[in-house]
Amino acid sequence: MTTNANGHGLDWSSEQWQSRARSWVEAQLSRAGRRVTGLVEPRLRPWSLVWRVPTDDGPVWFKANNRGTVHEAVLIATLAQLTPERVLTPIAVDPEQGWSLLPDGGESLRDVLARDPDLAHWERALPGYAALQLATAPRADELVSLGVPDHRPEALAGLFAELLDDRESLLIGAEGGLSPDLYERLRAELPSYAQRCRRLADIGIAATVQHDDLHDGNVFAGRAGCRYFDWGDASVAHPFGTLLVTLRSIRYVKELAADDARLARLRDAYLEAWTDRYDHRTLVEAADLAINLGAVSRSLSWRRALDTAEESRAEYADAVPGWLGELFAASPLQPDSRP
């Protein structure tokens, strides 16, 4: 059981819901001059249901978001207006229901890297994503008003404090949760965290959309260039928070040491888009701060993703405390000195 944006109970497995969703998909495809030619292939997660829908002009993808990630539909529609060359243009969206219908994006960056693991592919992908963020920055307030979560530095310390009060989500003392000692360390960290948020805000780099889960599986890498998808974790935030997941994922896949020069080169390829306004030293300071603060954003995005029935979220429940506990972990660009 999940809920839509209006809080009405919806069971994605019920024939009534599936019939309504299929009718919507068929109607939207008909308007686009296409028709369904076979059975859908479903993929279910607590935060979304995805159907691969075969049509007479290739597959399309239907996605239904849960209450916590319902903003994805309106976000992808807005991004398609602002930066159509950087995302897939949806065939249709229903923002109220959290439904989207997208064309097939082709192979992912992960597919490309499986054939050719050269990190130059990431060096080409990151500037395009930075360009998307810069194009979206003037609409940051509008995105928040449309329901995209507000994780800007000015809001993040308060969100951290609120998250610490949600003892149920943090599973304090339970299996997979925060230990009581770590929980107290996190509470004691609040003043310092707020100070770092203020410093990041004071640098003045404009907030924008921040994907918050940008790894090689969420980038299409076709002939038309890189396109960025799966925006359910996204928020309006400091742009450089992206680097936490991106650099961690690259470091893990490539088994790189933190001081590997290739990681710094990738960071700098991304930061290049802001060098007309800020010097390199300032950009690196902002990136370090945004990465350091980012564990709270990730924990919050997981809590939203798991805003669904308890039995369906149990498998992933440890992600909320797990990411918050990473606040004391080293940056992907620094050796991990934890015991």
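Trainee: In this predicted model, which strand pairs with strand 5 over five bridges in the antiparallel sense?

Mentor: Strand 5 covers residues 60-65. Its partner over those five bridges covers residues 99-103, and that is strand 7.

Trainee: Which residue of strand 7 is the bridge partner of Trp-61?

Mentor: Strand 5 and strand 7 pair in the antiparallel sense. Within this pairing, Trp-61 has its bridge partner in strand 7, namely Leu-102.

Trainee: What is the order of the strands in the open sheet?

Mentor: The sheet has five strands with antiparallel pairing. Its edge strands, each pairing on one side only, are strand 3 and strand 6. Neighbouring strands are turned by 15 degrees against each other on average, direction ignored. The order is 3-4-5-7-6.

Trainee: At what angle does helix 1 run to strand 7?

Mentor: Helix 1 is made of residues 15-31. It lies across strand 4, strand 5, strand 6 and strand 7. Its angle to strand 7 is about 45 degrees.

Trainee: And what angle does the direction of helix 2 make with that of strand 6?

Mentor: Helix 2, residues 72-82, packs on the sheet. Helix 2 touches strand 5, strand 6 and strand 7. With the direction of strand 6, its own direction makes about 140 degrees.

How values were computed. Residues are numbered from 1 along each chain as its sequence is written. This is a predicted model: local features need pLDDT of at least 70, side-chain atom pairs count only at pLDDT 80 or more; totals for chains, interfaces and linings use all residues. Side-chain values use heavy atoms; hydrogens and water are left out. Two strands pair if DSSP finds at least two bridges between them. Helices (H or I, at least four residues) and strands (E, at least two) are DSSP runs, numbered from the N terminus. Axes are lines fitted to C-alpha atoms, for helices over the stretch in contact, and angles run from 0 to 180 degrees between N-to-C directions. Contact means heavy atoms within 4.5 Å.
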